Amino acid sequence: MLEPNETPNSPDTRAFLAAIISLIIPGGGQFWLGNRRRGLTLFSLLIVLALLVGWNGSAVLAVPVIVLWLWNVWDAFQLGRGRSERYIVPFLLGAIIIYGVAYSVTEVNPRRLVTGWPAMQPYVRALFQPELFEYPTEDTVGTTPILIPCIDPLPAPSRLGSTDPILTTVEPCAAVGDTITIVGSGYEPNFEGEVFWTNPIGDVQRVIEDGRQATFSADADGNFTLDIKVPQAVPLSQLPAAGETQTHIIRAEQRVPYGSPEPTQTLRLVMEKIGETIALAFLATVLGAIFALPLSFLAARNLMSGNRVTRAVYTVVRGALNLIRSIETLIWAIVFAVWVGLGPFGGMLALMFHTIAALGKLYSEAIEGIDPGPIEAIKASGARWPQIVRYAVMPQILPTFTSYTLYRWDINVRMSTVIGLVSDAGLGFLVIQWIRLNEFRAMATAILAIIVVIMTLDYASSWLRKRIIEGVPQRKEQSTLRKVVVRGGIIFAFVVAFIWSWNIAEIDMTELVKGAPDGLALVQSFAIPDVIDFPTEQLSVTATLPVPCDSAESPSPSLSGPRVVLEPACGEPGEKLVITGYELPPDTTVSVRWVLYDDAFLRVKSNCCDTDADGNLRLETFIHPLLEVNPEEGVSNPGKVAIVWEEVTGGPQVSETVQRVLQLALVTLLMALLATTIGTAIAVPLSFLAARNIMGDTRIGLIAYNVLRTSFNIFRAIEPMILVLICAAWVGAGPFAGMLALALNNIPNLGKLFSEAIEEIDNGPVEAVTSTGATKLQALLFAIVPQIVPQFMAYILYQWDINIRMSTVIGFVGGGGIGQQFRLWVGLNQYAAAGTAIWAIVIMVWSMDYISAKARERLV
Amino acid sequence: MLRVENLTKVFPNGTEALKNVSFTVKDGEFLAVIGLSGSGKSTLLRCINRLIDPTEGKIYWNDIDITAAEGADLRHIRRNIGMIFQQFNLVKRSSVMTNVLSGRLGYAHPMWSLLGRFSAEDKQRALAALDRVGIPDKAYTRADQLSGGQQQRVGIARALMQEPELMLADEPVASLDPVLAHSILQYLELLNQQDGITVLCSLHFLDLVHRYATRVIGLKDGELVFEGIPAELTPERFKEVYGEEAQMVTVGGQNAN
């Protein structure tokens, strides 16, 4: 290649040459001109974007790629003439392409927000009508028999009607479709009731009039008259023979409330599950902390840097903690559901497992941050090792540990409200169960309970944390009695709470042991992902089996090569048959099938069979009756016996699982990206309206501030996992619903963080700018925005980290992405594939954490 | 009597912090250790109570070989050697009382002390120690609520709990204002003269050395380059210890050169 410095050409020629090189290899011209970094950046940018668009297959998005290519040529030309273009164009084009692909793969469809609204309405309406209290009712039930159809002579009905209240029919008998009149007396006056029909078998159905349930209204004396239509109440097979009749019962019933309102069944169930939710979180936090404590010492660099062995332990423990932590609790919940079965125990284990890893890391960081001075001082006084830990280490780390543990307890309560979405534990289970049953009002009760639980605990734990960090002001030495009472009370309450939680969590260690083989096998197959597979081809050998013998000619068996030989060669249904395969692939699992006349097949034996080391196979069975040739029923082809196996036809290839996982990982990533962007875009303007110092003390300002802040706090308490259930009903299950749920969750989250950041800005610059006679908007732009941008960026990155994690599990309940496929694979027992998905999640989470950590460094 | 013989310390990274240092300290002396930062002062003091294990050489305390002591023996030796630190090394979140009591751990019952129990006698002793350093009213204050000078006094009270025969002071006043420096050293002088505690104190300021020390040793790059009484520390000798560019500075801030 030409060296630009050696060429005698004019700048124009150089520019021209550079442009041509860049036309062939993007960035090549820039590279040749000596601007290597620019060249490499452009090259990789274009390759990545082109691959992205190619994968997406969108023709529209190819346009910006081509434009970017052309810009790259123009840039090389300009560079050759000694000018430098700005990066704004490739940046914008890149953003257009990435968001375009994101928009397309997450199946965003704004129209569905409108068209799906009716489907969503019952959910929203229900949220305002939770089932909380109801009056207990007393039923006033009247019954009367009626004979269907009329016959002559009419027999007496086989059952009698009620006497209090009295219900009678004007007609003693009727035919289906006739209108009859029922008369009641002795009912609760001025009160409505409903009419039911019981057929002779005892099945109850509602009596329908004009498409609605027939209702009656008793008058002031407790009497009523109502015309109803005789329904078709008996299944066709149970109809009476000609000349016979059947006794049906008409029931008219009032449900009369009395006394004072009581909690509904729903509410009682919800209360019970609130207890379970809190108990699971409590137990998981306590046990998690207990296990995390010793591990954290092993994962603290300052304690473990002594020698090679301890450093190795440190590396292994830290690595394991990071690995476990990057896999969401809900994924662990699925794993433990396989291990110990659905239920609170599995949920608790999942919470605990993730807690150990998360707390282990936080604790070890706290240990790494302690001041070594006191350790030295106490060592110098001649103290023993445990005394050093007690007096120099513990006082330094205990408050931090407590604070982290409380923080984790907070997270665990949130998690345990949604863990029921994949396991039978806590409030989430009620939500998903009632959604499946279309019991929206009950569902709404559970969702509101989640909000209340989370909000209450948020406040409680932030109060406690503050108190612990600031320390309780120590006055004189407290009286011993008081100290004993207070401490004893705390310990007693703790023990009671622990025992109560232990019972609720249905801890059953035998399950853990019993499930251990399954669990370990699961972990093992998770650990070995499906990275490569081999292309296969299905091969088979068959032999005709005439049933009965004279229905067709028995084939003459071939004598060499893979073959199947039947003994006898023909027979009657149910006769004994020996199937022998020869010269098949040795030690291979094959499938032995009956092939019917229409080429449908049945397995001769399930979980069958393996060939021996010589490739032979012998199977004794009985001739299947379906093989019988029966010309009367149109079966004229003789059946066959086939042995089928799969043979590898080529070298190893990247498995389909990996390809699928990669695609879905990308979808998941783009889902998170889009959600973060949309959440931010909406949260930013709202946050200004929710900032006390921006809105001022005007009446409208105060209203906007209060309304927005309150709604932020309420909506923040709705986990994305719950939102996605509703979004799936709204726009249909899939990545769009998941993205929408994340975005809806991000708006209040970011809105709150943003508005708090705005409230904390330094007012000095605002005053200064305002004093120059600037308008409010100018002050905003020049004095406020520069102050808040770094803070906002930090919060966006924080939310992005959370979104990445959430987006991996949001598919469990209809949010699309990799989570959906993971759950499907687990459901199909394809654990190796599911393991591949987990590895992809881990890699995705780690690399995104790394990127955002880098971005954060640059911000600070 | 403390006898240091041919003490050498090489750190794992290859730094030679002490090179063949020998000297003796008689009972009741106030020995100042001077030298630049990194000259080995802190290493020397920490070798004496074995917070750092020397590479070679011997240290005898009343004819007991400190360098050979292990386990309970070592703890008993440490118990008799008090130490105060430049950064005070208090547990900041614990109360002053707890910090002072922690100096008694070498004597305390191993089990009870883990539960935070100390004998009434120890508590009495702690209050007396605080009284002695002039802060009896701060016993139940959190350590991080105190000023630097007060924290160092807590450090001295903690060391007093050990009933030490030897006191090591590692730049005890380097983090303090000049005025406070005198007050802290006066406490050490008091302990030296009233209780007969031998003091080894690393110092930076020449006027403090002249004012408080009975003898001085100087370290340069880990080697003993000066040994004598403070009066012998002339500007010329001072430059031998601190290098040609050094200027004698007093706590008052005046140039003494």
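**Exercise 1.** At what angle do helix H8 and helix H12 of chain A pack, and how many Å apart are their axes?

*Solution.* A word on conventions: this is a predicted model, where local features need pLDDT of at least 70, side-chain atom pairs count only at pLDDT 80 or more, and totals for chains, interfaces and linings use all residues. Residues are numbered from 1 along each chain as its sequence is written, while chains are lettered from A and ligands numbered from 1 in the order in which they are written.

Step 1. Find H8 at residues 265–298 and H12 at residues 344–368 of chain A; helices are DSSP runs of H or I, at least four residues, numbered from the N terminus.

Step 2. The angle is about 40°, and the axes lie 6 Å apart. Axes are lines fitted to C-alpha atoms over the stretch in contact, and angles run from 0 to 180 degrees between N-to-C directions.

Step 3. H8(A) and H12(A) are therefore oblique to each other (under 35 degrees is roughly parallel, over 145 roughly antiparallel, 65 to 115 roughly perpendicular, the rest oblique).

**Exercise 2.** Describe the side of chain B that touches chain A.

*Solution.* Step 1. Chain B brings 25 residues to the contact and chain A brings 23 (C-beta atoms, placed from the backbone, within 7 Å).

Step 2. H2(B) gives the most to this side of chain B, with 4 residues.

Step 3. By residue class, this side holds 9 nonpolar, 11 polar and 5 charged residues (Ala, Val, Leu, Ile, Met, Phe, Trp, Tyr, Cys and Pro are nonpolar; Asp, Glu, Lys and Arg charged; the others, Gly among them, polar).

Step 4. For the complex, the predictor gives an ipTM of 0.82 and a pTM of 0.72.

How values were computed: Helix = DSSP H or I, 4+ residues; strand = E, 2+ residues; numbered from the N terminus. Contact = placed C-beta atoms within 7 Å.
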